[in-house]
Amino acid sequence: MIGVNLVVCVPIGHPELRSATEAAVLSLNDSDLGDQEHLWAAVDNGSSDDTADWLDAILETQASRNWVYRARANLGIARARNIATHFLMAQGCDLILEVHNDMLFPRQWLGPLLETLEERPRCGLVAPGLVVGRPVLHAPMLSFAADADWQERRRLLEIFANSVRRPGLLRPGLQHPALKRTAMLRAIGIYDESFGLRNFEDTDEIYRMLETGWDYLVNLGSAVWHAYSFSVNKLGPQDPYAPQEAAFREKWDGKHEVYGTRLADEFARLYA
């Protein structure tokens, strides 16, 4: 069973963020995820409006099994993700699918990731290629106007993803969306929450994977659109970056270059 891990924080007065979240949920449920047994766990990360109730209502109509956690304050990405992951693992999920609320999913995108895990038993995490940002080249599909048709945006995304495999247009994503083995998470532990609201928890997890013999892979046979700015902005003011980076480098002193090089090699392989 696949557990879908979604973190949402939509402050009041941001209809674009709510529209993006709805497009993410609806397009994911209308993708090949629906061919798999799955369970949703969503964390409302301290929204200042009725987002939690709204999200619960959408998931109630879209999924047979779902759970929404209402956080009273912004817990940060790592803590919020861990809450959902604990719940999904307790429900017996074999795989955890982490997604953001500013993504758009084609109809067929999950299958290649499942094939990768089947073919590579030591692959602990597999991610798709990403169409990112709002470049003018494909601006029509990247409009997040409140009244935009997500199905039309997805149609354009599918055309784009099926025709383009070039750096800068379809790039590897470090994580998110990410399909993870529960067995890997039980072996290495979940996110380290010591890095602040965001930054470095995902890289730290990948380094721990590599250190314990698990592989991290990207499959460009799958593509998802990720706006990024909505993922970041939903958390409010940025934490100071320098102290987080210093803490990360101190934790991985002597090994940062080793694992960083392995990640760079994986990205180079994609575009060889």
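**A walk from the sheet to the helices**

Of the 272 residues of the protein chain, 55% count as buried, where buried means under 20% relative accessible area, exposed means over 50% and partly exposed lies in between, computed with a 1.4 Å probe on protein chains only. This is a predicted model, in which local features need pLDDT of at least 70 and side-chain atom pairs count only at pLDDT 80 or more, while totals for chains, interfaces and linings use all residues. Residues are numbered from 1 along each chain as its sequence is written, and side-chain values use heavy atoms, with hydrogens and water left out.

The protein chain holds ten helices and nine strands, these being DSSP runs numbered from the N terminus (H or I of at least four residues for helices, E of at least two for strands). Among the contacts in the protein chain with a separation of 6 or more, 83% are between residues 24 or more positions apart, a contact being heavy atoms within 4.5 Å.

Strand β2 is largely enclosed by the rest of the structure, because eight of its eight residues are buried. One of its sides carries H38, W40, A42 and D44 and the other carries L39, A41, V43 and N45, all of them buried. Within β2, A41 is the bridge partner of N5. Strand β2 also pairs with strand β3 (residues 66-71), in the parallel sense and over six bridges, and here N45 stands opposite A71 of β3.

Turning to the helices, α1 (residues 15-29) reaches 21 Å from its first C-alpha to its last, close to the 21 Å expected for its 15 residues at 1.5 Å a residue, the expected span being 1.5 Å times one less than the number of residues. Helix α1 is mostly covered, with eleven of its 15 residues buried, including L17, A20, A24 and L28.

Helix α7 (residues 201-211) contains E201, which is buried yet has no salt bridge, the nearest side chain of opposite charge, R81, being 7.0 Å away. A salt bridge here requires a side-chain nitrogen of Lys or Arg within 4 Å of a carboxyl oxygen of Asp or Glu. Leaving aside residues up to four places away in sequence, E201 touches I77, A78, Y191, D192 and F195. E205 is also found in α7 and counts as buried because its relative accessibility is 1%; E205 and I190 are 15 residues apart in sequence, and their C-alpha atoms are 7.5 Å apart in space.

In helix α10 (residues 256-270), the end C-alpha atoms are 22 Å apart, which agrees with the 21 Å that its 15 residues should span at 1.5 Å a residue. Its buried residues are H256, Y259, L263, E266 and L270. Seen down the axis of α10, these buried residues fall within an arc of 105°, so they line one face of the helix, the arc being that of the directions from the helix axis to the C-beta atoms. An α-helix has 3.6 residues a turn, so residues three or four places apart point the same way.

Terms used:
Lys, Arg positive; Asp, Glu negative; His and termini not counted. Pairing = 2+ DSSP bridges.
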